[in-house]
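Please look over the backbone of the model shown here.

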Amino acid sequence: MNVLTIDTATPAVTAGVVRRDEDGTVHTLAERVTVDARAHAEQLSPNVLGAVSDAGITVADLGAVVVGCGPGPFTGLRVGMASAAAFGHALGVPVHGVCSLDAIGIHTEGDVLVVTDARRREVYWARYRDGIRVDGPAVNAPADVAAVLQSSVAAVAGSPDHAALFDLPRLEVVYPTPAGLVRAVTDWGDPQPLVPLYLRRPDAKPAVPKPSVAVRK
């Protein structure tokens, strides 16, 4: 089965095509990545179409869509999830949502911390043991994460700038990968509704209407 993958939970606007064999083995056929935190809306569709073309297939050959559901900033995450839902609806194929941190952590071995940029001087994080998530996802200041994990973690993966905040060996895997997204799907049966992992309220707040003032004539 050919699977379209999408992730916009980080500054990397990622689209890929992965072939998943019946035994669960995955093969990345194509990947398009643009690292630009402000270009999710502009770059995602070109990256999707480019990845499909690079894989030597057409969209009619896709059997499923897998999308990273965060944690991530509100605007970027919404672009990826809405696009994945639209592709799934148009093609009549199931859409599976996964934790974007899992698509990084699943490539690791041992006890590993995965972090991505949560802005506001905080990080999104989760802890993995041999590729399986055992804690998180959550959002905290780096110092608070270090205090919780203490010395039990052997390495850190994810955003290079934020991984550097931890006194740990750094792994090469930085962003969610197409193969990681597909491997993170635990149930290929009927997909569950897509639920974004914002972990906190969006920065934008609705305007509060001002009370009307009566004008005397």
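Arg121 sits in the loop between strand E6 (111-119) and strand E7 (122-129). The model is predicted: local features need pLDDT of at least 70, side-chain atom pairs count only at pLDDT 80 or more, and totals for chains, interfaces and linings use all residues. Residues are numbered from 1 along each chain as its sequence is written, and side-chain values use heavy atoms, with hydrogens and water left out.

Helices (H or I, at least four residues) and strands (E, at least two) are DSSP runs, numbered from the N terminus. Most residues other than glycine have a negative phi, and most peptide bonds are trans.

**Positive phi.** Arg121 is not a glycine, yet its phi is positive, at about 60 degrees. Asp130 lies in the loop between E7 and E8. Its phi is also positive, near 55 degrees, and Asp130 is not a glycine either. Asp130 counts as exposed, at 56% relative accessible area.

| Cis peptide bond | Omega |
|---|---|
| Gly70 to Pro71 | near 10 degrees |
| Gly136 to Pro137 | near 5 degrees |

Where do the prolines lie? Pro71 is in the loop between strand E4 (62-68) and helix H2 (74-91). Pro137 is in a strand, E8 (residues 132-140).

Methods:
Buried < 20%, exposed > 50% of the residue type's maximum accessible area, 1.4 Å probe, protein only.
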